[in-house]
Amino acid sequence: MENIQELTNTYIAKTYNRAPLQLIRGEGSLVYDTAGKRYIDLGTGIAVNQFGIADSAWVQAVTAQLSCLQHTSNIYYSAPGAMLAQMLCQRTGLERVFFSNSGAEANECAIKTARRRAFQTYGDESHSTIITLQSSFHGRTITTLSATGQDCFHTEFGPFTGGFVHSRPGDIADLYRLADSSGCCAVMLETIQGEGGINVLDREYVRAAWELCQKRDMLLIVDEVQTGNGRTGKLYSYMHYDITPDIVTTAKGLAGGLPMGATLFGSRCADVLTPGSHGSTFGGNPVAAAGAVSIIERIDDALLADVLRKEQLIRTALADASGIIGVSGRGLMLGIQCEKKAGEIMSRAAEEGVLVLTAKDKVRLLPALNIPDDLLLEAMEILKRVIAE
Ligand SMILES: *Cc1c(COP(=O)(O)O)cnc(C)c1O
């Protein structure tokens with residue numbers, strides 16, 4: 001273990017602050033380190049292992065495809081991606097899907113689509129601006145960083161891609177002001193800002209953004225990279241708002257632990273991307289797609305109701321805790337504002353056998369959608385103790 005830490009710190013780029021923990025195997029919502037110590041996993045690799053670790057149906061779907069054909073390229077037809085795209089369209093009412101490998105790429109594709117549609121409408125770049133929100137997070141590429149409304153991610157990486165303006169979340173008048181002052185083609189938002197601190201956008205605001213986009217011939221792009229795939233108690237979190245976005249992007253939990261991104265297009269932009277205009281070597285990879293099919297097909301009404309029930313278990317367990325200022329979020333994407341520093345709680349919880357994340361100044365919980373109640377309650381007891389210390 002010491003050796004691996006040393007190798008990592010010597011040879012891997014220093015982009016991550018790592019906990020002094022080397023995880024080697026797991027089962028469901030339990031994960032073990034090199035010393036055999038057991039942890040209850042409330043982080044799922046940042047909302048990725050949607051049905052926990054080594055979930056048997058997922059392992060079976062992935063390994064069956066792996067031993068049959070691991071990759072084809074998009075020059076040929078392939079079943080898993082086609083079946084996944086059909087499922088996603090039928091479940092959302094959107095019309096087409098572009099597959100990639102990450103959230104940043106899914107958002108890049110959305111941005112390209114919105115701009116190309118505007119170019120085709122106006123014949124020039126006069127309507128290329130995209131409105132995103134302050135404290136948003138859309139990825140780490142130069143363009144998705146430009147979209148991201150947090151200065152802390154921007155330091156020393158300029159020049160940035162032009163054509164992004166950042167609006168205050170919740171401020172409908174500001175959205176209209178920006179839409180009418182510069183030529184805009186889209187609004188892009190997360191319904192719950194994840195990296196920004198588990199901030200839930202309210203219903204009136206999201207619906208107003210949707211209406212604005214319809215009135216001004218702009219596209220509403222909802223970034224569901226973190227909120228998607230059952231995480232908030234709906235298949236996609238926009239479904240809590242009774243709206244139909246023009247573009248939905250997702251990644252993280254989509255393929256249950258394999259790299260996959262997806263950009264879903266509604267009727268106003270389903271045919272904007274044409275042959276040769278966009279692509280990805282690994283996009284729609286059959287192994288990742290087979291994994292995703294096994295995840296999406298199990299996210300049914302019963303599972304989603306159970307996600308909301310588990311949210312209540314957590315909220316009830318934390319209701320009488322001391323040291324907690326408030327709990328934000330929805331479903332199994334929750335942020336706990338504590339009196340103590342979130343980073344301190346994360347380290348102490350790991351010592352006590354519970355893995356949590358942070359989001360800005362909150363402790364962030366993103367457990368597996370199927371975490372057993374007894375493990376969840378055991379983790380809450382430990383977390384409460386650590387928070388109250
Ligand atoms: C994580 C995240 C991204 C970036 O996804 P990557 O797969 O790391 O590129 C984009 N948007 C949101 C909302 C995210 O949570």
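## Ligand site

A nitrogen atom of the ligand is placed 3.2 Å from a polar backbone atom of Phe137, which falls under the heading of a polar contact (a pair of N or O atoms within 3.5 Å; within protein, one must be able to donate a hydrogen and the other to accept it, and residues adjacent in sequence count only if both atoms are side-chain atoms). Of the 390 Å² of accessible area that the ligand has on its own, the protein covers 82%, with areas calculated by the Shrake-Rupley method with a 1.4 Å probe, where for residues only the protein chains shown count as cover.

This is a predicted model, in which local features need pLDDT of at least 70 and side-chain atom pairs count only at pLDDT 80 or more, whereas totals for chains, interfaces and linings use all residues. Residues are numbered from 1 along each chain as its sequence is written, and side-chain values use heavy atoms, with hydrogens and water left out.

## Residues around the ligand

The residues around the ligand (those with a heavy atom within 4 Å of it) are Ser102, Gly103, Ala104, Asn107, Phe137, His138, Gly139, Glu190, Asp223, Val225, Gln226 and Lys252. By class, this shell holds three nonpolar, six polar and three charged residues, where Ala, Val, Leu, Ile, Met, Phe, Trp, Tyr, Cys and Pro count as nonpolar, Asp, Glu, Lys and Arg as charged, and the others, Gly among them, as polar. Helix 5 (residues 103-122) gives the most to the shell, with three residues; helices (H or I, at least four residues) and strands (E, at least two) are DSSP runs, numbered from the N terminus.

## Met188 in strand 7

Met188 has its place in strand 7 and is buried, with a relative accessible area of 0%, where buried means under 20% relative accessible area, exposed over 50%, and partly exposed in between (1.4 Å probe, protein chains only). Leaving out residues up to four places away in sequence, Met188 touches Asn107, Ile111, Ile130, Ile131, Thr132, Leu133, His138, Ala147 and Ile221, contact being defined as heavy atoms within 4.5 Å. Among these partners, Asn107 and His138 also belong to the residues around the ligand. Met188 and Val222 are 34 residues apart in sequence, and their C-alpha atoms are 5.8 Å apart in space.

In helix 7 (residues 172-181), the buried residues are Asp174, Leu175, Leu178 and Ala179. Seen down the helix axis, these residues fall within an arc of 135°, so they line one face of helix 7; the arc is that of the directions from the helix axis to the C-beta atoms. An α-helix has 3.6 residues a turn, so residues three or four places apart point the same way. The buried residues of helix 7 pack against strand 5 (129-133), strand 6 (164-167), strand 7 (184-189) and helix 8 (203-215), while Ala173 and Ser181, on the other side of the helix, are exposed. Asp171 caps the N-terminal end of helix 7, with a side-chain oxygen 3.3 Å from the backbone nitrogen of Ala173.

The buried residues of helix 11 (residues 342-351) are Ala342, Ile345, Ala349 and Ala350. They cover an arc of only 130° around the axis, which puts them on the same side of helix 11. Their cover includes strand 3 (38-41), strand 14 (333-338), strand 17 (362-365) and helix 12 (373-388). Helix 11 is followed by Gly353, whose phi is positive, near 95°.

## Buried polar and charged side chains

Gln50 lies in the loop between helix 2 (44-47) and helix 3 (56-66) and is buried, with a relative accessible area of 1%. The side chain of Gln50 reaches the backbone oxygen of Gly228 at 3.5 Å, and, not counting residues up to four places away in sequence, Gln50 touches residues including Gly228, Asn229, Arg231 and Asn370.

Glu311, in helix 10 (residues 301-319), counts as buried at 7% relative accessibility. The Glu311 side chain makes a polar contact with the side chain of Arg315 (2.8 Å), and, leaving aside neighbours within four places in sequence, Glu311 is in contact with Gly329, Arg330, Gly331, Leu332 and Leu334.
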